[in-house]
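Hello,

Here is the structure I promised to pass on. Please have a look, then read my notes below.

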Amino acid sequence: TFVQMIRGAIDAADSMNDLSKSTSISVEMLAGLKLASKQSGAELEGTAEAINKLSVKMGENAEKFAAIGITAKDPIEAFKQLSDVFRAIEDPQKRAAFGAEALGKSWASAAPLLSEGSAKIQEMVDKGTRLSGMTQAVADDADGFNDAMAEMSAGIDGAVDGAAMRIAGDMLPVLIAMSKDMRDVAGSAGDMDSSFSPVT
């Protein structure tokens, strides 16, 4: 159980490192977002995708977002600003339309967290960051460990494959000779008179 727990923590840190690279959100903040997402009924991957989508949309039309008060350069700060605007829309249909326009298809997965508002999001992120123990150094070490394990596994597989190939190479001439002999025997049997019977 202990080994599985440690292995799970290493894999989680490695995944966090990969997610950080694809979203430009630090692993520390992602660890905080993980708790915030879980507490609001969302998933970290969906939340991260929504934040990433928001950054892309803001890059495409910064003026449009600035007009409604979303101006932060930091991705999570911009998401918090979006959350306050999202929450302020009382009509559910208009709120859904706004979320879809701002975040595309990923808005639905982020809606639970968006509904919390910026203050609550910050509180949950701060708590998650503090409790997680996640740092970039931990994430880098986890990534390095898993890479080393993958290389070792590939090396073992390669060694086994190589040994099997060498054995097969040694056996092939014998197998070829045997197959030729069997073919010759089968051919000879086919040439025999089919009416032959040892009883008669």
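**The nonpolar core**

The largest nonpolar core has 36 residues, and those touching the most other members are Leu30, Leu33, Leu54, Phe79, Leu82 and Leu103. Eight helices each give this core at least two residues: H1 (2-23), H2 (27-40), H3 (44-60), H5, H6 (92-103), H7, H8 (118-132) and H9 (136-191). H3 supplies the largest share, six residues. As background, nonpolar side chains tend to be buried together in soluble globular proteins. Please keep in mind that this is a predicted model.

**The chain as a whole**

The protein chain has nine helices and zero strands. Along the sequence the pattern reads α-α-α-α-α-α-α-α-α. The chain has 200 residues, and 29% of them are buried. Take the contacts with a separation of 6 or more: 67% of these join residues 24 or more positions apart.

**Leu103 and Ala50**

Start with Leu103, one of the core residues named above. Which residues does Leu103 contact, leaving aside neighbours within four places in sequence? They are Ala50, Lys53, Leu54, Leu82, Ala110 and Leu114.

Ala50 sits in helix H3. Its relative accessible area is 0%, so Ala50 is buried. Beyond residues up to four places away in sequence, Ala50 touches Phe79, Leu103, Ser106 and Ala110. Ala50 and Leu103 are 53 residues apart in sequence, yet their C-alpha atoms are 5.9 Å apart in space.

H5 covers residues 75-88. Its 14 residues should span 20 Å at 1.5 Å a residue, and the end C-alpha atoms are 20 Å apart, so the two agree. The buried residues of H5 are Pro75, Ile76, Ala78, Phe79, Lys80, Leu82, Ser83 and Phe86. Note that Lys80 and Ser83 are on that list. Among the elements that cover these buried residues are H2, H3, H6, H7 and H8.

The model holds one aromatic pair. Are the rings of Phe86 and Trp107 stacked, tilted or edge-to-face? Their centres are 6.4 Å apart and their planes are at 50 degrees, so the pair is tilted. Tilted pairs fall between the cut-offs of under 30 degrees for stacked and over 60 for edge-to-face. Phe86 belongs to H5 and Trp107 to H7 (residues 107-114), so the pair ties together parts that are 21 residues apart in sequence.

Are the two partners buried or exposed? Phe86 has 3% relative accessibility, so Phe86 counts as buried. Trp107 has a relative accessible area of 22%, so Trp107 is partly exposed. The cut-off for buried is under 20%. Phe86 has a further neighbour: Arg95 lies over the face of its ring, 5.9 Å from the ring centre.

**Helix H2 and its ends**

H2 has 14 residues, which should span 20 Å at 1.5 Å a residue; the end C-alpha atoms are 20 Å apart, so the length agrees. Buried in H2 are Val27, Leu30, Ala31, Gly32, Leu33, Ala36, Ser37 and Ser40. Just after H2 comes Gly41, with a positive phi of about 90 degrees.

Now go to the loop between H1 and H2, where Ser24 is found. Ser24 is not a glycine, but has a positive phi of about 65 degrees. At 64% relative accessibility, Ser24 counts as exposed.

Asn17 lies in helix H1. Is Asn17 buried or exposed? Its relative accessible area is 3%, so Asn17 is buried. Apart from neighbours within four places in sequence, Asn17 is in contact with Val27, Gln136, Ala139, Asp140 and Asp143.

Ser22 is in helix H1 as well. At 45% relative accessibility, Ser22 counts as partly exposed. Ser22 and Glu49 are 27 residues apart along the chain, and their C-alpha atoms are separated by 9.2 Å.

Best wishes

Methods: Residues numbered from 1 in each chain as written. Predicted model: local features only at pLDDT ≥ 70, side-chain atom pairs only at ≥ 80, totals over all residues. Heavy atoms only, no water. Phe/Tyr/Trp six-rings, centres within 6.5 Å; stacked < 30°, edge-to-face > 60°. Helix = DSSP H or I, 4+ residues; strand = E, 2+ residues; numbered from the N terminus. Buried < 20%, exposed > 50% of the residue type's maximum accessible area, 1.4 Å probe, protein only. Lys NZ or Arg CZ within 6 Å of the ring centre and 35° of its normal. Core = buried A, V, L, I, M, F, W, Y, C linked by side-chain atoms within 4.5 Å. Contact = heavy atoms within 4.5 Å. Expected span 1.5 Å × (residues − 1).
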